[in-house]
Amino acid sequence: MNMNDEQRLNIALQMTEPSGIGALINYTGRIDKYTRFLRYTYYSRTDYLPDNLFNSLNRTELQRADAQATHMIVLVNWGIGAVAVLQLPSDDQQTEGSEYALQKICNSLSDDCSGLNLSNEDEAFLKKIYCTKVFSNISKLTEINSIIEFHDNIQLLKSNGDSLRPYNYNLYPIENSYITNNGLQFKLIEFPKGSILKIESYLLPLILKFNRLKKNMYQDFQNVRQHLKNEHKNILTRWKDSKKMYELEIDRIRKLLEAFRRGEIDEKTFRQDLQQDQTTKLSYMLSNDIEDVEKMMNKESLIKSLLIEEFIYTNAKDRGVEKKDDIQTLERKLLKDVGCVRLICSNDNLYAKNQTQWCKHREQMLKERKGNKNIQLVYADFSYCSYELNEFITLPRTEETKTVTTPPPKKKLTLQKATCDESINILLLGESGVGKSTFINALVNYLKFDNLMQATKNLTVLIPVSFTIAMGDNFTEHAIKHDGEDTVSNEDHHDLGKSITQHCKSYVFTLQDGKSRGQKLRIIDTPGIGDTQGSNQDDKNMQHVLSYINNLTHLNAICILLKPNNSRHTVFFRSCFTQLIDMLGENICDRIIFCFTNARSTFYTPGDTGPLLKALLNSLPAKRIPFSKENTFCFDSESFRYLVAKLNRIKFNSMEEADYNGSWEKSMTELNRLIGYIHSNMSDPIILNDSHSAKHAQLMINSMIRPMLEAMRNTLRNIILLNERWHKTCIELCPKIIKGTTAICLECPRKCIKICDFWVATDGLHVVQNKCRTCQCDPSQHYRIDYELEYKEIENSAKPTEEDMRKVLHNLCEASAEFSYFLLQSAGNSQHDPFLLGFERMIKEESDICDEKTSYKFNLHLVEQLQLLKTHYEKANKKLATEKMITELDVIYQKIENVNKHRIIDLQMNAIRQWHKYMIKYYEYEVST
């Protein structure tokens, strides 16, 4: 790369921040036989010290201030320096054509970008070459992902001298110009070239291994985290150890190099100190970590593919499988409490080396399920247990499976999520700090153990817990913390007063006693009401809750969790009841139950909260919500806190232990009464899909905003293409299902791709939870999305006319105005117009593209058309407001149905439904009881 040896060493040891071509050392992308590196240099001019000034500095008696600098810049070359990393198609037949076309690009660049004559075939080959990364002193070039665009931009840059930047410089020793330095002498002794190469031969393999490991560790292992908690935890621990050891080794070599350059040690000493056993150990650790992380990446990919085909993944180790087990024991452990199931036993080695056999087994299992929809398919992974699996095993054995003709019983695999027909779904609501998470933690232990003594020996802490307890005569405070078993974090313990629970999350329990045996009980934990962030956050939390339950199949009850002797109930708590009734109808009033926490202090009664709650319920305009002994239950979770404190080695006297035991017994009695009440009064669910209400319609419209806006924008693109190309090709939206909470940042630059002569900004997903984990921009500069949009150029075989597309555009624009008017009307005109904000955002996106790109004719046309469409929308909205139309709910539902009939909308809405389905599963945890 024509880089100075010492400078290259500085970059490798992180003594100099890499930039331009130098940043190539940190490249971690794919490099194989299809990878090519294109180096380009263009010289424009040189800036240098004039000869008379330079000569006057030579051997002067000047003194200078103390500084550690050893050299000064005397010459700077301006121009272009760039290295493009190219990936050819991984097809040997395509490679030859790609190489030939690429050589034409190189020849043209060598000849000042003149004489480039590409055939259609050449262009086709070049479009298949992906420009993975460009390293350059020109920032504009680093954003390019097309070799043709790279060539064209080089030509433009050369014609505009203002765009050129320095690409290299010459250094001159300061000691030649300044003899004295106030008594301080700073040296720079350079290594011989041969020695530098030896240092790099030792150093670079470590750097490459570490960068490769670092890149892999930033992958998303959400399924591995959920199903292989211990294995994932071990990988993270080893990564931290390797990272620390690597940083120490780089620091050690850096200090050795500095000592040599200052003349403190000679080359022989440097070489002796460079080689250490620690280095060999580090290289070995990194290699092992890379191998294990890549196995984990493969496992993540495997689990994803299984989930797509609706297999259940289970770890055989978690089912207690051991080396000594025979087939009968395997069946007993793996098929315990299971109805109609087909299970395949496999491990990483079998899966990797016997793909043909695996595919046959998978196809056979899928075929069986196609014939019997009740069959559940399970992949049992033996990779982490001691059992030696030498071949695929399917369970139960074929002859037994063929006899299964009855409907599946209610009991299923422990890891299987309960179906809506058999589960009891209870929504848990309460103010921030009321103790919903602690209540759930206590609940699992009440269900799992018969008494406090049993729980002491094997306490289950499901959700992370954090509290302070005062002990002794001096009330010494002890901070108590304990991690939870559930690996998908749903808690934030860092902000006092802020709702700890951040997302709706369900916990599924299997009841074991009496007539409830085998019944699934799903408790849905929710963010707290009365958050210290204010009413806006409360409203967001409530909208999240409503959106979550809107995607459930049914709901049996709503449990309101309260503290006794609470002297106030927030305005928003009243709003909570109102919104639930608005969405679910007045029938939900009979499904509301009240549970009180910390009730030991009020002798297991509602205390002063009772009268306040009655007054609040009586003030509601809807049907009266009952509040009586029958639907009110008083618990005390202090016995659970006592158990956690004991785990933290806090000691209690016999009187205190007796008190906590009484708390446990009383809470157990209330739990049994609660389950009996639910079975007797709430076993028939409320079917949420049948809900027709203003609140339900609002939720549906809010989910349709982005699909409608993107449908209109893409329709405009295709109208422009139809007029420009006479309907040969068009752009098709391809919604892609995403897994996780993501957003698009309005501040960060987004990658643009070119399709059908349009520049299109890709979604550029940022991972967002409480804040963005991808960038440092303010959370308000992000807007959440629940599917990713990709684009495809297709032959316009259907040949819709411009009139047809204009009609679709008109209908969607008019529907947008009606939906916006309904939203603002039903929300009391308290919110911004979301459709108008969407139009403005799209116009800005397209305008930004025009500002950044040199070829933007089609995008400029699109900006003009979007502005016209926005004007049409505003006029339609203004007309509705002027006429003060009262929108009938049935009319809105009919309009929603009509809009969803458009294929371009339906595809996007299906991706949204799949996202909600995935997120519900992701934030669901089945509790072993």
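Author: Let's start with E845, which sits in helix α24, residues 834-852. Do keep in mind that this is a predicted model.

Reader: Why is E845 called buried?

Author: Buried means under 20% relative accessible area. The value for E845 is 11%, so E845 counts as buried.

Reader: What makes R713, R750 and Y783 contacts of E845?

Author: Contact means heavy atoms within 4.5 Å. R713, R750 and Y783 meet that cut-off with E845, once neighbours within four places in sequence are set aside.

Reader: And R319, how do you know whether R319 is buried or exposed?

Author: The cut-off again is under 20%. R319 has a relative accessible area of 15%, so R319 is buried. You will find R319 in the loop between β7 (311-315) and α11 (327-334).

Reader: Why are β7 and β10 said to stand at the edges of their sheet?

Author: The open sheet has 4 strands in the order β7-β9-β8-β10, with mixed pairing. β7 and β10 (393-395) each have a single partner strand, so one side of each has no neighbour in the sheet.

Reader: How do you know that β8 and β10 pair?

Author: Pairing takes at least two bridges. β8 (residues 341-346) and β10 have 3, in the antiparallel sense. L343, for instance, has L395 in β10 as its bridge partner.

How values were computed: Residues numbered from 1 in each chain as written. Predicted model: local features only at pLDDT ≥ 70, side-chain atom pairs only at ≥ 80, totals over all residues. Heavy atoms only, no water. Helix = DSSP H or I, 4+ residues; strand = E, 2+ residues; numbered from the N terminus. Buried < 20%, exposed > 50% of the residue type's maximum accessible area, 1.4 Å probe, protein only.
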